[in-house]
Amino acid sequence: MKKRKYGFMLTSVAALSLVLAACGGDEGDTSTDSNTGGSDTDTTETTDEAKFSLAMVTDTSGIDDKSFNQATWEGAKEFAAEHGLKEEEGYAYLQSNSDSDYETNLNQLARRDFSLIFAAGFSIAEALDKIAGQQQDTNFTIIDSVVEGKDNVASVLFKEHEGSFLAGVAAAMTSKTGTVGFIGGMESEVITRFEVGFTEGVKAVNPDAKIEVQYVGSWSDSAKANNIANLMYSNGADVIMHAAGGAGNGLFTAAKDIKEKDANANVWVIGVDSDQYAEGDTANGNVTLTSMIKNLQAAVNDISSKAIEGNFPGGEVITYGIKENGVYLSENGGMTDEVKQAVAEYTEKIKSGEITVPDTK
């Protein structure tokens with residue numbers, strides 16, 4: 001485990017006691033080429049010269065996907081603001097427009113001497129495994145995957161199946177047709193957890209419900225997601241959850257188009273990763289039922305706080321679920337009080353262990 005302490009006139013930096021209340025774009029790199037960065041020397045002594053900095057590499061959804069990348073970046077910005085880090089030299093990101101950008105972006109940030117670099121998404125894991133082996137004086141954190149055998153890499157996972165179970169409960173209780181849908185981005189263990197949890201939650205409320213499932217095969221193809229959503233709605237689904245990153249914007253567009261044409265249309269969307277309520281606004285009402293939030297901001301804050309204290313959890317796998325308040329449903333949206341009460345009751349059953357949500361098919 002790599003341990004470094006960083007001091008820059010902080011009066012107090014306490015290790016964060018995690019209190020967690022939550023799959024693009026094409027803007028290009030926004031970071032500059034210079035950075036004062038952190039020290040390359042491991043030390044257990046806090047020095048005024050040692051300066052902490054953090055950075056992030058996005059997956060191909062882009063920094064403004066209104067979902068996974070954006071929530072992770074918000075966490076980085078919140079931490080930076082709390083600790084007086086200056087943008088570009090103290091915190092920055094590089095956007096990946098294709099898979100081939102991952103190694104280049106990770107290596108560039110490491111060479112700029114950032115103290116801690118977050119890799120947002122399991123698709124970056126292979127590239128991170130390679131670069132972390134080459135850049136052993138830099139600490140990295142992979143979100144939604146595990147990189148093994150690297151003392152300078154912390155792996156962060158979420159129990160998406162638990163949060164998605166609650167989303168399934170809300171979907172089944174809200175549906176009037178008995179047909180609901182799930183749209184995934186890229187097929188993977190992570191998105192399988194979303195799908196399985198959602199299916200289990202729906203079945204817990206309505207064992208006879210019909211659940212349509214399709215994958216976009218992309219984090220950024222919102223047009224394809226839009227086509228899938230329109231087909232599901234036309235086939236009778238009235239509530240659709242997505243776990244598709246920026247591609248999920250196509251689902252919101254489909255639902256909003258229907259609602260704008262018919263104010264009485266019963267169509268709902270369940271957002272993912274961050275609170276996507278605002279994405280559902282129409283002149284005839286909001287189509288967002290709720291959002292299954294992965295509290296990425298608090299996870300980023302937790303890992304960063306440990307790193308700045310010299311307690312970076314390198315080589316460890318840290319998992320956040322309902323019990324740790326790492327996944328939950330937003331109350332912003334169209335859930336009725338009855339649905340909210342049921343969600344609260346199922347939340348307690350999962351916390352207590354009365355219900356164990358499966359994470360594989």
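Contact, as the word is used here, means that heavy atoms lie within 4.5 Å of each other. The structure is a predicted model, in which local features need a pLDDT of at least 70 and side-chain atom pairs count only at pLDDT 80 or more, while totals for chains, interfaces and linings use all residues. Residues are numbered from 1 along each chain as its sequence is written, and side-chain values use heavy atoms, with hydrogens and water left out.

An open sheet of six strands runs in the order S2-S1-S3-S4-S5-S11, with parallel pairing; strands (E, at least two residues) and helices (H or I, at least four) are DSSP runs numbered from the N terminus, and two strands pair if DSSP finds at least two bridges between them. Strand S2 (91-94) and strand S11 (317-320) each have a single partner strand and stand at the edges, so one side of each is left without a neighbour in the sheet. Neighbouring strands of this sheet are turned by 20° against each other on average, direction ignored. Strand S5 (residues 153-158) is joined to S11 by four bridges, and the two run parallel.

Two residues of the sheet may be followed in detail. Val 156, in strand S5, stands opposite Ile 318 in S11. Val 156 is buried, with a relative accessible area of 2%, where buried means under 20%, exposed over 50% and partly exposed in between (1.4 Å probe, protein chains only). Apart from neighbours within four places in sequence, Val 156 is in contact with Thr 141, Ile 142, Ile 143, Asp 144, Ser 145, Ala 299, Ile 303, Ile 318 and Tyr 320. Ser 145 is 11 residues from Val 156 in sequence, and their C-alpha atoms are 6.7 Å apart in space. Thr 141, which lies in strand S4 (residues 139-143), is also buried, with a relative accessible area of 0%. Beyond residues up to four places away in sequence, Thr 141 touches several others, among them Leu 116, Phe 118, Leu 128, Val 156, Ile 303 and Phe 312.

Helices also meet the sheet. Helix H8 (residues 296-308) lies across strand S1 (54-57), S3, S4, S5 and S11, and runs at about 155° to S3; axes are lines fitted to C-alpha atoms, for helices over the stretch in contact, and angles run from 0 to 180 degrees between N-to-C directions.

Pairs of helices were examined in the same terms. Helix H4 (residues 160-174) packs with helix H5 (residues 189-205) at an angle of about 40°, their axes being 6 Å apart. That makes H4 oblique to H5, given that angles under 35 degrees count as roughly parallel, over 145 as roughly antiparallel, 65 to 115 as roughly perpendicular and the rest as oblique. Residues of H4 including Phe 165, Val 169 and Met 173 meet residues of H5 including Phe 194, Phe 198 and Val 202.

The axes of helix H6 (residues 222-234) and helix H7 (residues 249-261) come within 7 Å and cross at roughly 45°, and H6 and H7 are therefore oblique to each other. Their crossing, too, is right-handed. Asn 235 is placed in the loop between H6 and strand S8 (239-243) and, at 42% relative accessibility, counts as partly exposed.

Methods:
Left-handed = near helix turned anticlockwise from the far one by under 90°.
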